[in-house]
Amino acid sequence: MVTVSARINSTKLSKKDSFVEKKRLESHLMVRILLILAALAAFPAAAQDAGTVAADTGPLRHLTRADEAKAWQAVGRLDLDDSGFCTGTLISDRHVLTAAHCVFSRQTGRTYDPKRIVFRAGLRNGRATASRRARRFIVNDAYHYDDDDKMKRVAADVAIVELEQPIRSAAIVPFEWDDKPIAGQEVMVVSYAAGRENHPSLQDRCNLLDARGDVLVFSCDVTFGASGSPVFVQSDTGPKIASVMSAMAQWKHQPVSLAASLAAPLDQLLAKLTVADPVFRSLTAAADGTRRSIAEQLGRAESPTDVRGGLPQITR
């Protein structure tokens with residue numbers, strides 16, 4: 001585990017702030033950020049009211065039964081070279097969204113061999129609905145594993161893992177993504193983590209407390225292994241991914257979780273895929289500017305309604 005001195009502060013900067021004052025205020029963003037690396041050692045964290053927005057946090061529910069886990073089959077455990085794991089989510093039949101630091105070895109600081117990374121979709125009670133090895137991964141250009149600016153690291157902590165073979169199953173429907181949530185908005189998190197590594201867990205109610213650029217501060221309950229977990233917002237057509245979990249921290253003497261906003265990082269990663277992979281060259285935004293899921297653009301679904309229609313609406 002890497003421990004970093006940091007402080008999170010709600011003070012906003014104005015254009016009149018001097019350079020020195022700006023640096024002073026920025027330093028307030030940095031109090032004991034504990035990066036969630038793909039470790040297996042248990043380190044439980046309780047999510048509580050932690051900021052200027054009142055946190056309304058629901059319990060962490062273990063999805064051990066088939067009926068409970070059915071809607072979340074596209075979330076899975078990302079096993080890393082037999083040395084740990086993260087959480088990842090299918091956004092197409094062969095592309096897994098996760099945290100960038102998950103593909104780096106803590107021991108060497110270098111990326112893992114993609115072929116030694118395995119995604120286990122819908123893993124529950126030790127059995128996966130589908131398992132695939134990685135073919136390659138693409139990391140956000142702005143992410144640097146050894147960057148001393150820890151907040152900058154969190155803001156860019158997004159990667160896509162491409163699988164060797166697609167996962168094509170009626171039971172596993174890739175998730176769409178959405179713009180980042182607004183302060184106070186309720187979100188949901190599905191994760192695998194230490195002590196619950198063989199089944200997913202759902203926290204169906206926690207809050208976005210604050211945002212620092214592309215770093216989002218949540219009241220959600222996370223611990224080791226939850227890196228890369230999808231943060232969902234509810235929409236008329238079902239849950240959509242709004243951010244990716246990166247770290248846990250202390251804010252105003254309370255535990256919180258930090259996540260990367262998807263907007264800019266995901267656009268950049270998809271652009272790289274479009275250039276590097278002929279399959280993606282036909283993927284374009286809808287005429288009205290809205291974002292469609294990759295699965296829909298690849299022809300696996302006729303519309304967002306069809307993609308999400310089978311998912312239950314979660315009571316919030």
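A residue counts as buried when its relative accessible area is under 20%. In this predicted model, Phe232 has 0% relative accessibility and is therefore buried. Trp72, at 5%, is buried as well.

The structure holds 5 aromatic pairs. One of them joins Trp72 and Phe175 in a stacked arrangement, with 5.9 Å between centres and 25° between planes. Its partners come from distant parts of the chain, 103 residues apart. Trp72 lies in the loop between helix 2 (66-69) and strand 4 (75-80), and Phe175 in the loop between strand 9 (159-163) and strand 10 (186-193). Both Trp72 and Phe175 are buried. The rings of Trp72 and Phe232 are 5.2 Å apart at their centres, with planes at 50°, so this pair is tilted. Phe232 lies in strand 13 (residues 230-235), so the pair ties together parts 160 residues apart in sequence.

The largest nonpolar core has 54 residues, of which Trp72 and Leu97 touch the most other members. Strand 8 (residues 130-139) gives the most to this core, with 5 residues. A second, separate core comprises 18 residues, including Leu216, Val231, Val233 and Ala259.

Ser105 is placed in the loop between strand 6 (95-98) and strand 7 (117-121). Its relative accessible area is 8%, so Ser105 is buried. A polar atom of the Ser105 side chain lies 3.3 Å from the backbone nitrogen of Thr108. Beyond neighbours within four places in sequence, Ser105 contacts Arg110, Tyr112 and Tyr145. Tyr145 also has Arg153 over its face, at 5.5 Å from the ring centre. Elsewhere, the charged end of Arg77 sits over the ring of Phe85, 5.6 Å from its centre.

Conventions:
Residues are numbered from 1 along each chain as its sequence is written. This is a predicted model: local features need pLDDT of at least 70, side-chain atom pairs count only at pLDDT 80 or more; totals for chains, interfaces and linings use all residues. Side-chain values use heavy atoms; hydrogens and water are left out. Helices (H or I, at least four residues) and strands (E, at least two) are DSSP runs, numbered from the N terminus. Buried means under 20% relative accessible area, exposed over 50%, partly exposed in between (1.4 Å probe, protein chains only). A polar contact is a pair of N or O atoms within 3.5 Å; within protein, one must be able to donate a hydrogen and the other to accept it, and residues adjacent in sequence count only if both atoms are side-chain atoms. Contact means heavy atoms within 4.5 Å. A nonpolar core is a set of buried Ala, Val, Leu, Ile, Met, Phe, Trp, Tyr and Cys residues joined through side-chain atoms within 4.5 Å. Rings of Phe, Tyr and Trp (its six-membered ring) pair if their centres lie within 6.5 Å; planes under 30 degrees apart count as stacked, over 60 as edge-to-face and the rest as tilted. A charge sits over a ring if NZ of Lys or CZ of Arg is within 6 Å of the ring centre and within 35 degrees of the ring normal.
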